[in-house]
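Hi,

Here is the structure I promised to pass on. Have a look at it first, and my notes on what turned up follow below.

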Amino acid sequence: MRCGFCLPACPTFRETGFEAESPRGRIALMKAVADGLMDPDEAFETQMNHCLGCRACEPACPADVKYGQLLEQARDSVEKHTTTHRWWVKAARKTAFEGMFPHQNRMRLLGGALQMYQRTGLRKLVRGAGLMKLFPQHMRDMEAILPDASYKGVVEQIGAFHPAKGERIATVGLFRGCIMDVLFTATNKNTVELLNEAGFDVVIPETQNCCGALHAHSGEQDGAKALAKRNIAAFKAAGVDWIASNAGGCGALLVEYDHLLHDDPQWKDDARWFAKRSVDVGKLLVEHGRLRTVARAAVAAGAGAMIGGSGATPASAQVSGGHGAPSGGCGGSCSGGVGFASDEKVRITYQDSCHLRNVMRSSEAPRKLMRSVANAEFVELAEADRCCGSAGIYNLTQPQMAGRILDHKMEHVKRTGAHYLLTSNPGCLLQMKNGIEKHGMGGRMEALHLVDFLHDRICAKD
């Protein structure tokens with residue numbers, strides 16, 4: 001297919017207008033190399049790496065071309081034959097992809113080192129001495145907005161099994177991630193509590209490891225496959241009904257383990273089992289969880305918004321008052337399951353995780369959950385489906401393009417007038433925090449993971 005429907009969906013093509021910066025152009029380059037019409041030279045390598053891998057082109061494609069899988073294969077081939085990497089790049093890649101990410105205990109040591117840096121005054125000393133000026137601006141920006149790290153992951157803090165509240169619906173295995181578990185441990189804990197409140201037993205297999213997404217996106221296919229096999233074995237042994245992810249970037253690879261291992265006769269059936277059960281936590285809550293009605297303060301007693309309904313918030317139920325205005329948002333039905341209400345009138349908006357939307361095809365569930373929160377007004381973000389520029393580690397490896405994309409994104413964010421900017425992926429969350437600070441909105445807006453926002457607004461049972 002060469003129709004070009006993918007062009008307007010592609011962030012890099014929208015920024016540059018160059019055909020080579022589009023999915024159609026990059027596929028043409030891949031084909032030229034495969035057909036022997038051009039060498040996979042440095043220019044080819046640069047163009048493959050310039051793609052965000054957001055996969056917005058896939059829903060736009062009438063032929064359902066799996067561009068993301070083509071890109072991963074191309075990058076894997078590039079990494080096996082490249083001669084452009086300097087010695088320190090090779091050393092850094094080997095350290096990250098072989099020495100750190102596959103080993104949960106080493107990731108926790110990294111979390112402990114960051115925790116020490118953040119809490120002992122060392123960070124203040126480093127900043128005061130001007131040592132951060134030795135790093136590029138984009139790395140200084142990211143250091144400034146890093147959340148509090150932890151050397152203890154979710155299992156180390158709360159244990160590996162958590163029973164459902166009330167009648168059990170199913171057993172869910174929580175995919176805790178690697179970076180997620182040391183930088184966003186609280187989000188993992190909040191995910192467990194949300195699932196318990198909604199009627200799920202939660203198991204966190206201790207032998208699981210990194211999902212392999214960063215490996216797959218960076219041309220390390222063999223490493224991604226090895227990690228996938230360990231995760232499949234861990235969750236199969238746990239006997240779970242569902243595998244819940246709270247990170248869109250991880251989830252997008254989890255649901256494609258069947259493709260990743262399709263040519264491995266020993267693992268392909270188990271990979272299919274795993275992929276079929278992998279789901280985003282928001283979608284799991286909406287489609288299978290026990291959720292209850294919470295009446296909104298702005299409507300008559302007894303009225304409310306059911307999550308399982310149309311997802312629309314009645315106009316009379318929307319609020320637009322000040323951030324600190326009090327409310328009585330937990331009225332109405334509070335029997336069984338979990339519901340959400342804000343203690344103050346707030347306006348919220350949402351930035352889609354590209355992989356959650358384009359690969360896991362889950363964009364409505366988060367919106368239904370947000371619209372269900374009593375005393376909160378959900379405002380749709382213009383071009384919420386456009387990449388924010390995070391794209392795994394893209395904002396570190398391609399800071400100029402990532403910065404341009406982020407600036408456009410924040411223009412739309414500012415127009416929402418939201419108090420909270422929500423998302424469902426840790427990379428997107430850090431990028432949104434960075435954007436809020438860069439654009440001077442720090443005192444008026446806060447970026448949060450959707451799970452954390454909902455958890456803090458669980459309506460207590462009567």
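The cut-offs are under 20% relative accessible area for buried, over 50% for exposed and partly exposed in between, using a 1.4 Å probe and protein chains only.

Before going further, some housekeeping. This is a predicted model, so local features need pLDDT of at least 70 and side-chain atom pairs count only at pLDDT 80 or more, while totals for chains, interfaces and linings use all residues. Residues are numbered from 1 along each chain as its sequence is written, and side-chain values use heavy atoms, with hydrogens and water left out.

**Overall**

The chain has 462 residues, 54% of them buried. There are 24 helices and nine strands; these are DSSP runs (helices H or I, at least four residues; strands E, at least two), numbered from the N terminus. Of the contacts with a separation of 6 or more, 76% are between residues 24 or more positions apart, where contact means heavy atoms within 4.5 Å.

**The sheet**

Five strands make an open sheet with mixed pairing, ordered E1-E3-E2-E4-E5. Two strands pair here if DSSP finds at least two bridges between them. Strand E1 (161-162) and strand E5 (278-280) are at the edges; each has a single partner strand, so one side of each has no neighbour in the sheet. E5 runs parallel to strand E4 (residues 242-245), and three bridges join the two. Ala-244 has Val-279 in E5 as its bridge partner.

Helix H18 (residues 281-288) lies across strand E2 (170-175), strand E3 (200-203), E4 and E5, and runs at about 90° to E5. For that angle, axes are lines fitted to C-alpha atoms (for helices over the stretch in contact), and angles run from 0 to 180 degrees between N-to-C directions.

**Rings**

Five aromatic pairs turn up. The rule takes rings of Phe, Tyr and Trp (its six-membered ring) with centres within 6.5 Å; planes under 30 degrees apart are stacked, over 60 edge-to-face and the rest tilted. One of the pairs is Phe-235 with Phe-274, edge-to-face at 5.7 Å centre to centre and 80° between the planes. Phe-235 belongs to helix H14 (residues 221-238) and Phe-274 to helix H17 (residues 268-277), so this pair ties together parts 39 residues apart in sequence. Phe-235 is buried at a relative accessible area of 0%, and Phe-274 is buried at 0% too. Ring pairs also link Phe-175, Phe-235, Tyr-257 and Phe-274 into a cluster.

Two charges sit over rings as well. Lys-236 is over the face of Trp-273, 4.9 Å from the ring centre, and Arg-457 is over the face of Tyr-420 at 5.0 Å. The test asks for NZ of Lys or CZ of Arg within 6 Å of the ring centre and within 35 degrees of the ring normal.

**Salt bridges**

I have 24 salt bridges for you, each being a side-chain nitrogen of Lys or Arg within 4 Å of a carboxyl oxygen of Asp or Glu. Back to Arg-14: what does it pair with? Its partner is Glu-383, with the closest N and O atoms 3.2 Å apart. Arg-14 is in helix H1 (residues 11-16) and Glu-383 in the loop between E7 and H21, so the pair ties together parts 369 residues apart in sequence. Glu-383 is partly exposed, at 33% relative accessibility.

Glu-79 and Arg-93 also meet in a salt bridge, at 3.4 Å from N to O. Glu-79 lies in helix H5 (residues 67-81) and Arg-93 in helix H6 (residues 87-100), so parts 14 residues apart in sequence are tied together. Glu-79 is buried at 17% relative accessibility, and Arg-93 is buried at 17% as well. Asp-181 and Arg-176 form another, at 3.9 Å, and both are buried. Asp-352, Arg-357, Arg-367 and Glu-380 are linked in a salt-bridge network.

**Helix H9**

Which residues of helix H9 (residues 137-145) are buried? They are Asp-141, Met-142, Glu-143 and Ile-145. The buried residues of H9 pack against helix H7 (104-119), helix H8 (122-128), H21 and helix H23 (426-438).

Cheers
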